[in-house]
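Here is a colleague's note to read alongside the structure. The points go through one chain and then the other, and close with how the two meet.

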Amino acid sequence: MRSHKVIEIRNLTPSTYIIRMEKNDFTFKTGQYITLGFSGSIDRREYSIYSSEQDDYLEVLIKEVEDGLVSKKLKRCKSGDYLDIDGPFGHFSLKENEISKKKFLFIATGTGISPIHSFIATHPDMDYQLLHGVRKEEEAYERESYQNNNYILCTSREKSGDFHGRVTDYLKQNPVPSDTVCYLCGNCHMIYEAYDILEKQGINLGPIHTEVYF
Amino acid sequence: MKKVAFKTLGCRLNQYETDAIASQFQDNGFKLVPFDKEADVYVINSCTVTHQSDHKSRNFINQANRKNPDSVLVVTGCMANNAKTELENRDEINYVVENDQKSSVYSLVEAHYNGEIFHPTKLNTDLFSYGSTDKGFHTRSMVKIQDGCDNFCTFCIIPSVRGRAVSRPIQDILDNVKRVVATGAKEVVLTGVNIGRYEYENYKFDDVVEQILELDGDFRLRISSIEPDGFGDKFLGLLNHPKMTPHLHLCLQSGSDSILLQMRRMYNIKRFKEIANKIRSVRPNFNITTDIIIGFPGESDQDFEDTCNIIQELKFGHVHAFKYSIRKGTRAERMNQHIDERIKSNRSEILRNISENVKADYRKGFIGKYQTVLVEKIIGSEAQGYGESYVPVKFSGVNLKKNQFYRVKISSIDFNGEPTLIGVSD
């Protein structure tokens, strides 16, 4: 476990925020997650790393959970506070030999976009399309980070996005070329359904590139 | 001569570690006695994977203390990590030794008898420094290749108590295998927490298996428990090697894709079936055994039915099923829709019946065929052991010897208790 000093908190919506911390000598592979909690506290939660491998800071994207214990406390942390980090963990990673050669489809719901943001920030030249499923447009967290034509916002509760409906509706209407490498991150139902749709469209998903958010 | 007794709970890795510690005690003049006998030293190698494992560990602590209140009582294993404070507060326990210091149990006891005070920081924390297991409890020689796990399945406490994944240098593994084979081991079992994730320098799990299979000697290789996400086609190809035993304990956990996702397992049912079918396409009688968790949060009747169906479809040779229990600090602890204990018990009963029928059918398939049995026990003129498919076999003969291979033709099955193949040796 290492202690990292908080640099700043960036509020994206009333309930979603980014904590930026000093990186120190922490290294990770883009797509991995850490567990985070206040120094000395036993209460910890898992968060995918939002920042890139080469950034000299470490960021996590957090949604405050109603009745949640840790996400509420973390929202109140201030610059100069110390947070304990354990990790990195996880196998939700890009394959080095595919990054510059393949076309990628990233499908994320809500804050499940966090490791995808890290992928793209780490490898900005990769050929990708990103489907981001949210309820409302305000949840298009820092969409300016992505090349405009590559980011498709799917909004389910209002018509303000690029597509009105769920990411799975978009997928059904817009079949994916079979040589696309797909990464899915978000809630279990989306992954379950999207996986089926992609498979029916002829995508050989091979080892599953999925990360479930709860 | 001082007497030492061991009790091991849980996984094969624990069994291996107990074997190694027991051998060290015996090498230093201790007599090994059964756990229910009076001993000077009791070592409990605990498990904490379920609520029931904790319960059993506590019972054995009480049992040891009742048998000899003046004994040196050592508790190690995963419960020692997970409930350290609770155990340290129990007066009857002399030492609580965490997993990473387990290989030092003998040194600790020796120091105790020498009147020395051994500070925990002085204990060896090398996860691979166990000695030989030649005087342990098993005929099969276990070789530890890996420890810890980074998968963080949502139900599992093991990454917290065994720590991050660490792999043993490949040359150490090969030397260890050569050593045990040279001292007479006929069956080598690879153990670890998540052996499929072996990674040392550029060597992966299949490289380790390949290099062991290329070693000289009259031995066979058995893979213990493995996760379905930890290997590829190269490993599946190695399963056809003549030294490789046709048995894998491939952990499924649930037959429902939705539950597997919530468990954060890194495969789906389709992939699991592909693996099983690929293996059986070459060796139809290949024994695939598995673990199933019953009543994971949110497990619906349909999810459970899917699990029952896949057990029948894939004809598992054995199903180790256990009811889900909350492990503190895991992600599943905070999930909604925890399943009522009565429902879990009902489902356990249903699944147990299905598994036993499937197991019996699987074992009937051996009648009329041969198994190469490694003899572990001889009672009169009857020998007992396991065939290459990891199915128990009993047979009669003359001049039978322990730790020898016998080619046995299977003629029937004894269904009294664990279904055991009955045969005669060639």
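**Notes on the two-chain model**

1. Please keep in mind throughout that the model is predicted.

2. Within this part of chain A, strand 6 (residues 82-89) takes part in two pairings that deserve a look. Strand 1 (residues 2-11) of chain A runs antiparallel to strand 6 of chain A and is joined to it by 4 bridges, with A:Lys5 having A:Tyr82 of strand 6 as its bridge partner. Strand 3 (residues 33-38) of chain A also pairs with strand 6 of chain A in the antiparallel sense, over 5 bridges, and here A:Gly37 stands opposite A:Asp84.

3. Strand 6 of chain A also contains A:Pro88, and the peptide bond that joins A:Gly87 to A:Pro88 is cis, with omega at about 5°. A:Glu142 is found in the loop that runs between strand 8 and strand 9 (151-155) of chain A.

4. The domain assignment divides chain A into domain 1 (2-89) and domain 2 (96-213). The contact between them takes 14 residues from domain 1 of chain A and 14 residues from domain 2 of chain A, and on the side of domain 1 that touches domain 2 the residues fall into 4 nonpolar, 8 polar and 2 charged. Taken over C-alpha atoms, the centres of domain 1 and domain 2 of chain A are separated by 23 Å.

5. In what order do the strands of the open sheet of 6 strands in chain A follow one another? The order is 10-9-8-7-11-12, and the pairing is parallel. Strand 10 (163-164) and strand 12 (210-213) of chain A are the edge strands, each of which pairs on one side only.

6. Inside that sheet, strand 7 (residues 103-109) of chain A and strand 11 (residues 181-187) of chain A run parallel and are joined by 5 bridges, and A:Phe106 stands opposite A:Tyr183 of strand 11. Helix 5 (residues 188-200) of chain A lies across strand 7, strand 8 (127-134), strand 11 and strand 12 of chain A, and it runs at about 155° to strand 11 of chain A.

7. For chain B, the domain assignment gives domain 1 (3-122), domain 2 (139-245), domain 3 (275-364) and domain 4 (370-425). The centres of domain 1 and domain 4 of chain B, taken over C-alpha atoms, are separated by 33 Å. UniProt, in an unreviewed entry, lists residues 2-114 of chain B as "domain: MTTase N-terminal"; over these residues the chain is 46% helix and 20% strand, and the end C-alpha atoms are 14 Å apart.

8. Chain B has an open sheet of 4 strands in the order 13-14-15-16, with parallel pairing. Strand 13 (225-226) and strand 16 (318-323) of chain B each have a single partner strand because they stand at the edges, so one side of each is left without a neighbour in the sheet. Strand 13 of chain B is joined to strand 14 (residues 247-250) of chain B by 2 bridges, the two strands running parallel, and B:Ser225 has B:His249 of strand 14 as its bridge partner.

9. On confidence, chain B averages a pLDDT of 92, and 98% of the residues score at least 70. In chain B, confidence is lowest in helix 6 (residues 158-162), where the mean is 85, and highest in helix 12 (residues 301-314), at 98. For the complex, the predictor gives an ipTM of 0.82 and a pTM of 0.85.

10. How many residues of chain B are in contact with chain A, and how many of chain A with chain B? The contact involves 11 residues of chain B and 8 residues of chain A. On the side of chain B that touches chain A, the residues divide into 4 nonpolar, 3 polar and 4 charged.

Key:
Residues numbered from 1 in each chain as written. Chains lettered and ligands numbered in written order. Predicted model: local features only at pLDDT ≥ 70, side-chain atom pairs only at ≥ 80, totals over all residues. UniProt positions renumbered as here; feature names shortened; annotations may be inferred. Pairing = 2+ DSSP bridges. Contact = placed C-beta atoms within 7 Å. Axes fitted to C-alpha atoms, helices over the stretch in contact; angles between N-to-C directions. Domains from an automatic or database assignment. pLDDT = per-residue confidence, 0-100. Nonpolar A, V, L, I, M, F, W, Y, C, P; charged D, E, K, R; others polar.
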